[in-house]
Amino acid sequence: MLRRALLAASASERVRRIVTTVPLTRDVVARFVAGDTADDALAVTRRLLDDGLLVSLDYLGEDTADPEQAAAVADEYIRLLGRLDAAGMSGSGRAEVSVKPTAVGLDLAEHGEKTARENIARICAAARAAGTTVTLDMEEHTRVEPTLRLAGQLRADFPDLGCVIQSYLRRSPEDSRALAVTGSRVRLCKGAYNAAAGVAFPARAEVDRCYARCLRVLLDGPGYPMIATHDPRLISIAGVRARAARRPADSFEYQMLYGIRPAEQLRLAAGGSRVRVYVPYGSDWYGYLVRRLAERPANLAFFLRSLASRG
Ligand SMILES: Cc1cc2nc3c(=O)[nH]c(=O)nc-3n(C[C@H](O)[C@H](O)[C@H](O)COP(=O)(O)OP(=O)(O)OC[C@H]3O[C@@H](n4cnc5c(N)ncnc54)[C@H](O)[C@@H]3O)c2cc1C
């Protein structure tokens, strides 16, 4: 019911106009999105790096419908990487980029996978020149197979290309085992999308249990796990497991979203952990926020909690 209402709101031009012009909304957006432009993204990146945090930048937008737009998104990332490099912010992977395969062409009616592969390869080459990395975001469950295929193919040339496992999917422990190999950068998150019970766990407790299972596989393996969650219990389990696996602090990282639990980000970094903040920017923020709420009703509570607390 709630989900339907939110999706209807997201599709309404009138609601979009109201939401994007109300000053309070702009304030709320500013807490979660760096701003409309690359200048805004660079300013936020500088501030976070100065605080001892790492950054992954996401140029907002997805479900690109034509090849020119897909190429333009890749061009934006390439320009951004050039500017990060020029400003001395990308070396040693301090600021990297996150890319949605559908933003660079995966869903195109013709040659979608090929177009996405070519665009991601261009972004990876620019990232390498800037001394940093790329992570492929994971979208709806129907995109998991093609996204993992893209990552597998591109890793032949760009072994540090990261990918994402979502613990709400039943397949994820198996994917974790396949991806827990030397040099493999894997972000583990719960998943921000909805899927049928056949492929996904319906209960939050099961999603959390699966997260802990995947976490153990990744931390016990030889890869580079990126632990993306704000969940205090899972963060604490990760710390215990990393110590049990005798992992040095620079062999894994925590990741959180910009604007969520900033004090916890700083606390972990002060304790010697690597902490990366995922920073979205761009004018297409409306869909990012509203779809996040609609895709998974639990995220509404997450969003409202975030407004109430900066803890
Ligand atoms: C860096 C990063 C990258 C991501 N990339 C992807 C991706 O590629 N694909 C994808 O599907 N999803 C992605 N996600 C989203 C993710 O899947 C979840 O939807 C989102 O992170 C919320 O899940 P959670 O693990 O934080 O746990 P939740 O179950 O939402 O929250 C768990 C607990 O965290 C605590 N908490 C959460 N927010 C706050 C707050 N503001 N203040 C205090 N406590 C709080 C509370 O104790 C809460 O009970 C990403 C998330 C992050 C952090």
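Reply: Start with the polar contact, which is a pair of N or O atoms within 3.5 Å. The model here is predicted. In it, a polar side-chain atom of K190 lies 2.8 Å from an oxygen atom of the ligand.

Me: How many residues surround the ligand?

Reply: A residue counts as near a molecule if one of its heavy atoms lies within 4 Å of it. By that rule 26 residues surround the ligand, and the closest are M138, G191, R204, T229 and H230.

Me: Now the helices. At what angle do the axes of α5 and α6 cross?

Reply: Angles under 35 degrees count as roughly parallel. The axes of α5 and helix α6 (residues 112-129) cross at roughly 5 degrees and come within 9 Å, so these two helices are roughly parallel to each other. Among the residues making the contact are A70, A74 and I78 of α5 and N119, I123 and A126 of α6. By type, the contact of α5 with α6 has ten nonpolar, two polar and three charged residues.

Me: How are α8 and α9 oriented to each other?

Reply: Helix α8 (residues 172-179) and helix α9 (residues 204-220) have axes that cross at roughly 10 degrees and come within 9 Å. They are therefore roughly parallel to each other. S172, P173, S176 and R177 of α8 meet C210, R213, C214, V217 and L218 of α9. That contact divides into five nonpolar, two polar and two charged residues.

Me: And how do α4 and α5 cross?

Reply: The axes of helix α4 (residues 38-50) and helix α5 (residues 67-86) cross at roughly 40 degrees and come within 11 Å. The two are therefore oblique to each other. The crossing in which α4 passes α5 is right-handed. On the α4 side the contact is made by A38, D39, L42 and T45, and on the α5 side by E76, L80, R83 and L84. Four of these residues are nonpolar, one is polar and three are charged.

Terms used:
Residues numbered from 1 in each chain as written. Predicted model: local features only at pLDDT ≥ 70, side-chain atom pairs only at ≥ 80, totals over all residues. Heavy atoms only, no water. Axes fitted to C-alpha atoms, helices over the stretch in contact; angles between N-to-C directions. Helix = DSSP H or I, 4+ residues; strand = E, 2+ residues; numbered from the N terminus. Parallel < 35°, antiparallel > 145°, perpendicular 65-115°, else oblique. Left-handed = near helix turned anticlockwise from the far one by under 90°. Contact = heavy atoms within 4.5 Å. Nonpolar A, V, L, I, M, F, W, Y, C, P; charged D, E, K, R; others polar. Polar contact = N/O pair within 3.5 Å; in protein donor to acceptor, adjacent residues only side chain to side chain.
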